[in-house]
Amino acid sequence: MTDAAELPRVDTWKASRTALAAEVTRVVTLLRDTPDPPPRPAGEAWGFAEIATHLSHGWMTLPQLSQGHVTPIIDLVGQSAITHPSEMGALTEGAVAADPERDPLALADRIETAASAYLAACSDDDVGETTQWIVDDVMAPVPMFTAHLLSETVLHGFDLARAAGRPWRVEPAHASMALHEFLVPVIHRIPERLIDADALRRDRIVLDIRLRQAPRLRLRFEDDGLHADDPGDPGSVDAHIATDPATFLVYLWGRRGLAQTLARGSMLVWGRAPWRAVSMARAVGLP
């Protein structure tokens, strides 16, 4: 039986699973609607097909890892975990290069099958369980894997649509889940591995991030890492950012630069040192 005190966590996990199912449906539909994808752009390592292959790899490994099974990720990248998020780039590029599958219809089936099995296997009774995450010494609550899959599916859905020249809406509620249920728990677990101290030039940066229709975030950048503080904590703030969760997710993960985001009118930045918001995206290294 689930303790009554855990019911909000169960409800939160149920909501993220519902969001994940919806995002999988959107991405699978996009893949099936693009049976003849555009060619990979000249000079780019990945195009539509490679992005789809990469997303399918997340679905091949993260659900298995959430259940304590490391064999699929070893088979894919040759190791069961990483020590630092900076390793992910080379590993994922190698995995995509080694996988010959580029058919969007086959990849849609691969993702849909894995998602259906994963969501069917999720049990509310496991809400308090933890298991090994992709970083070798980090134990993560099972619901964090759902949020990780949601983040991957939302962001790569955006990437796929952009590669295909299709309009695409990042749902703000789903972006908020990715931020608060994946990013914040990751920050709490590996703060020192999420930041490039050289990019910060040893500056301390505190940002107040006001997300419309979502909880606020307060991110603090120090030499010892990236920290997610209580938004109500007293103390000075270098810059305030007002935006919606979808815009912030796309910005933070490097899909749009600050200048482009500001030009779209979807983000406001102010405070005693607003230029430090630029340092944020440059300094963060996210998995």
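The protein chain exposes about 12,900 Å², of which carbon and sulfur atoms supply 52%; accessible areas come from the Shrake-Rupley method with a 1.4 Å probe, and for residues only the protein chains shown count as cover. The model is predicted: local features need pLDDT of at least 70 and side-chain atom pairs count only at pLDDT 80 or more, whereas totals for chains, interfaces and linings use all residues. Residues are numbered from 1 along each chain as its sequence is written, and side-chain values use heavy atoms, with hydrogens and water left out.

Of the 287 residues, 51% count as buried (under 20% relative accessible area; exposed is over 50% and partly exposed in between, with a 1.4 Å probe and protein chains only). The secondary structure comprises 11 helices and 7 strands, taken as DSSP runs numbered from the N terminus (helices H or I, at least four residues; strands E, at least two). The radius of gyration of the protein chain is 19 Å, close to the 19 Å given by the globule rule for 287 residues, so the chain is as compact as a globular protein of that length; the radius is taken over C-alpha atoms, and the rule is 2.2 Å times the number of residues to the power 0.38. The C-alpha trace spans about 55 × 50 × 35 Å along its principal axes. Among contacts (heavy atoms within 4.5 Å) between residues at least 6 apart in sequence, 73% join residues at least 24 apart.

The second largest pocket has a volume of about 260 Å³. A pocket is an open set of points on a 1 Å grid over the protein atoms alone, where a 1.4 Å probe fits, with protein on both sides within 12 Å along at least five of seven lines; lining residues have an atom within 4 Å of a point. Grid points are joined across faces, edges and corners, and a volume is the space filled by probe spheres set on the points. The lining has 13 residues, with Arg 9, Pro 141, Pro 143, Glu 181 and Pro 185 nearest the pocket centre. Helix 1 (7-32), helix 6 (142-164) and helix 7 (172-189) each supply at least two lining residues, and the largest share, 5 residues, comes from helix 7.

Pro 72 lies in helix 3 (residues 71-77) and is partly exposed at 24% relative accessibility. Beyond residues up to four places away in sequence, Pro 72 touches Met 60, Thr 61 and Gln 64. Gly 257, in the loop between helix 9 (245-252) and helix 10 (258-263), is partly exposed at 37%.
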